[in-house]
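Please work through each task before reading its solution.

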Amino acid sequence: NMVGLEFTSQGIAEVSIPTLPMLTGINRENILTKNLDAMVLPFSGSLELTEDALSASELRVSKLIESAESAVSRPAMGDLKLESLMTPSEDEQAGPLLLAVSLDGVFESAYAESLPEGMSKPDGFKARSESGARILVVSNGEFMFANPRIGYGNEVARFGVLFFLNSMDWLVQDEALIRIRSKGVPRMLEPVDLKTQRWLQLANVVGIPFGVVMLGLIAWGLRVLRRMRIEDRFTGRKA
């Protein structure tokens, strides 16, 4: 999760905010998300694919963004206070959770068999779409707009802007710009586990000073050897 400032029982502190999940379950095979390192969907819900969509032979379904297995969803959100969010609830649904999906192919009209009462089919009505129709569904629409007050800064929001621009090109079936735009995407550092963090800290605290001392000893030794050579040259002794 992203870290932001929150009021706690000990005062204002930096805390990991559950409603700002840093999503790294990115589909690297899809051009929409191929070059995204992460996405944040503030206060997002989750999506569920129907059996009709999964079984449709003329429809290609791509899961674009998913949460980690450790994420949970609460149908009854209730209180948004940090203490309430950190407390497990009985209605939680375990991850991974689907947060963005693209569908490409032939779609059946919701009114293919019948229209709502009192309506008649207009001229040109089609029960099925043309081949290559596209739909993109994202579970949150605020990912483009930075909101520093809740901890969602510009550095991460720019990934949302990139995803939005990619989606516009993909929907109009102009994918050339996506490949060009993705070349300038900033890269994020991969998460570092606790053991690696400790080794890096030890290297900084002990390794760097030790390296400086060793360089000093080497420089001192070279100066001593140089002085001895000079003395030997003037006294006629062999080094």
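**Exercise 1.** With which residue does Glu108 form a salt bridge, and how far apart are the closest N and O atoms?

*Solution.* The model is predicted, so local features need pLDDT of at least 70 and side-chain atom pairs count only at pLDDT 80 or more, whereas totals for chains, interfaces and linings use all residues. Residues are numbered from 1 along each chain as its sequence is written, and side-chain values use heavy atoms, with hydrogens and water left out.

Step 1. A salt bridge requires a side-chain nitrogen of Lys or Arg within 4 Å of a carboxyl oxygen of Asp or Glu.

Step 2. The partner of Glu108 is Arg128, with the closest N and O atoms 2.7 Å apart.

Step 3. Both residues lie in the loop between β9 and β10 (133-138), 20 residues apart.

Step 4. Glu108 is exposed at 52% relative accessibility, and Arg128 is partly exposed at 37% (buried: under 20% relative accessible area; exposed: over 50%; partly exposed: in between; 1.4 Å probe, protein chains only).

**Exercise 2.** Which parts of the chain does the salt bridge between Asp104 and Arg60 tie together?

*Solution.* Step 1. In this pair, the closest N and O atoms are 2.8 Å apart.

Step 1. Asp104 belongs to strand β9 (residues 98-105) and Arg60 to strand β6 (residues 59-66), so the bridge ties together parts 44 residues apart in sequence. Strands (E, at least two residues) are DSSP runs, numbered from the N terminus.

Step 2. Asp104 is buried, at 13% relative accessible area, whereas Arg60 is exposed, at 54%.

Technical notes: Helices (H or I, at least four residues) and strands (E, at least two) are DSSP runs, numbered from the N terminus.
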